[in-house]
Amino acid sequence: MHVITPSLDELQEAHLHILNNSNEVMPYIVRHEALVKKNNPKMIENKVLKEHNKTFLNWFKDTIFGDDNPFETLRKLADEPKRNVRTWQGYDIKKYSFYTES
């Protein structure tokens, strides 16, 4: 096992990627994009997406932790990931071995 510490930008990019691919988060993504469009009615779609990506993590965290009864899964997804990431050079799954590349 090896521990790495990605940059804050890399960590936020990974966190946003996970949220964008979580079914539980999709209603919040739609809601936030609509909010960005409402607050910037003349903004072109590409800029709306950039603004959404730039502001979604903090908005999502504030929204989830401001809610009285969110699901525990949403609370865990909204919380910032740990700075240290454990990695392995190889994995054994059901009699198969997988190795990572440098």
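Q: Contact means heavy atoms within 4.5 Å, so what covers the buried residues of α1?

A: A quick word on the model before that. It's a predicted one, where local features need pLDDT of at least 70, side-chain atom pairs count only at pLDDT 80 or more, and totals for chains, interfaces and linings use all residues. Residues are numbered from 1 along each chain as its sequence is written, and side-chain values use heavy atoms, with hydrogens and water left out. Now, the cover on the buried residues of α1 includes α2 (26–39), α3 (45–66) and α4 (72–78). Helices here are DSSP runs (H or I, at least four residues), numbered from the N terminus.

Q: How many residues does α1 have, and how far does it reach?

A: You compare the reach with an expected span, 1.5 Å times one less than the number of residues. Helix α1 runs over residues 8–20, so 13 residues, and its first and last C-alpha atoms are 18 Å apart, close to the expected 18 Å.

Q: Which residues of α1 are buried?

A: Buried is under 20% relative accessible area, exposed is over 50%, and partly exposed is in between (1.4 Å probe, protein chains only). In α1, the buried ones are L11, H15, L16 and L19. They sit on the same side of α1 because their arc around the axis is only 135°, taking directions from the helix axis to the C-beta atoms. On the other side of α1, you'll find D9, E13 and H17 exposed.

Q: Is H32 buried or exposed?

A: H32, which belongs to helix α2, is buried, at a relative accessible area of 3%. Skip its neighbours within four places in sequence, and H32 is in contact with H52, T55, F56 and W59.

Notes: Helix = DSSP H or I, 4+ residues; strand = E, 2+ residues; numbered from the N terminus. Contact = heavy atoms within 4.5 Å.
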